[in-house]
Amino acid sequence: MKFLALIPARYASTRFPGKPLADLMGKPMIQHVYEKAHAVFDACYVATDDPRIEQAVLSFGGRVVMTSSEHPSGTDRCREALVEVERETGTAFDVVVNIQGDEPFVSREQLELIQQCFEDSGTDIATLVKPFGPQEDVFNPNSPKVVVSAQGYALYFSRSVIPYRRGVEPQQWQEGFKYLKHIGMYAYRTGVLHRITDLPRGVLEQCESLEQLRWLENGFKVKVAETLSESLAIDTPQDLEAARAFMVRNGGL
């Protein structure tokens with residue numbers, strides 16, 4: 001099975017313009033992500049719409065593919081990048097792995113877990129979850145929750161707390177129950193990637209502003225793997241400073 005790792009990276013960002021090029025212990029952030037991904041996947045490209053990111057990736061020896069600046073999501077950017085990489089290389093890939101460009105702490109364990117999901121022939125799309133820790137706020141709407149079937153497929157994603165624990169006080173909901181936090185990494189069979197990016201936004205997606213609900217609403221099977229590795233997305237300059245402090249305390253990534 002041939003895997004293509006793609007790292008969507010935009011320069012424009014409301015909260016943090018130029019984020020992929022932000023310095024993190026002597027390297028641009030996108031280089032940290034690329035090196036982590038390339039250690040697991042031979043075929044690995046940054047997918048960007050900005051020549052500054054393109055030049056940065058080429059300067060550290062990475063591979064990059066230019067894409068439109070009009071894409072509404074990283075999933076859509078991955079589709080264009082897939083078409084371009086397959087055209088350039090003459091290789092037909094089976095699975096695309098979408099790795100966030102602002103996740104320099106992505107681990108080998110996470111990348112291998114999402115790859116292993118496709119050993120199940122029923123998997124259309126794969127993603128990751130992590131149990132909420134006792135000090136984490138399960139009620140935070142910015143941390144989407146997931147409920148999973150006995151077979152390991154996502155039943156629903158929500159910004160609300162799911163499931164609702166009837167007869168239990170909310171402050172005790174995390175006691176004796178493992179709530180699952182969604183980790184925003186995806187992988188798609190290539191045929192599925194083409195199909196889901198042709199779909200209109202669904203009712204559930206519009207309600208929750210979660211694109212994965214479009215996939216569930218249209219019958220695609222999303223396999224879920226549970227990771228124990230902590231991930232730290234960098235959305236703001238303050239997050240970057242926290243990441244630098246974390247690296248200093250831990251001797252690097």
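This is a predicted model: local features need pLDDT of at least 70, side-chain atom pairs count only at pLDDT 80 or more; totals for chains, interfaces and linings use all residues.
I started with the aromatic side chains and found Phe3, Phe41 and Phe118 linked into a cluster by ring pairs. For a pair I took rings of Phe, Tyr and Trp (its six-membered ring) with centres within 6.5 Å; planes under 30 degrees apart are stacked, over 60 edge-to-face, and the rest tilted.

Residues are numbered from 1 along each chain as its sequence is written, and side-chain values use heavy atoms, with hydrogens and water left out.

**Entry: ring pairs**

I counted up the aromatic pairs and got 9 in the structure. Tyrosine 164 and tryptophan 173 have ring centres 4.9 Å apart and planes at 75°, so I logged the pair as edge-to-face. Next I checked accessibility, where buried means under 20% relative accessible area, exposed over 50% and partly exposed in between (1.4 Å probe, protein chains only). Tyrosine 164 has 62% relative accessibility, so it counts as exposed. Tryptophan 173 has 4%, so it counts as buried.

I then looked up tyrosine 186 and tryptophan 215: their ring centres are 5.1 Å apart and their planes at 80°, so this pair is edge-to-face. It links distant parts of the chain, with tyrosine 186 in strand 10 and tryptophan 215 in helix 7 (residues 212-217), 29 residues apart. Both tyrosine 186 and tryptophan 215 are buried. Helices (H or I, at least four residues) and strands (E, at least two) are DSSP runs, numbered from the N terminus.

**Entry: charges over rings**

Here I asked for NZ of Lys or CZ of Arg within 6 Å of the ring centre and within 35 degrees of the ring normal. Arginine 63 sits over the face of tyrosine 45, 5.1 Å from the ring centre.

**Entry: strand 7**

Which strands does strand 7 pair with? Two strands pair if DSSP finds at least two bridges between them. I found strand 7 joined to strand 10 (residues 180-189) by 7 bridges, running antiparallel, with leucine 128 opposite isoleucine 183. With strand 11 (residues 222-226) it pairs in the parallel sense over 5 bridges, and alanine 126 stands opposite lysine 223.

Strand 7 (residues 125-131) has 7 of its 7 residues buried. In a regular strand the side chains alternate between the two faces of the sheet. I noted Ile125, Thr127, Val129 and Pro131 on one side and Ala126, Leu128 and Lys130 on the other, all buried.
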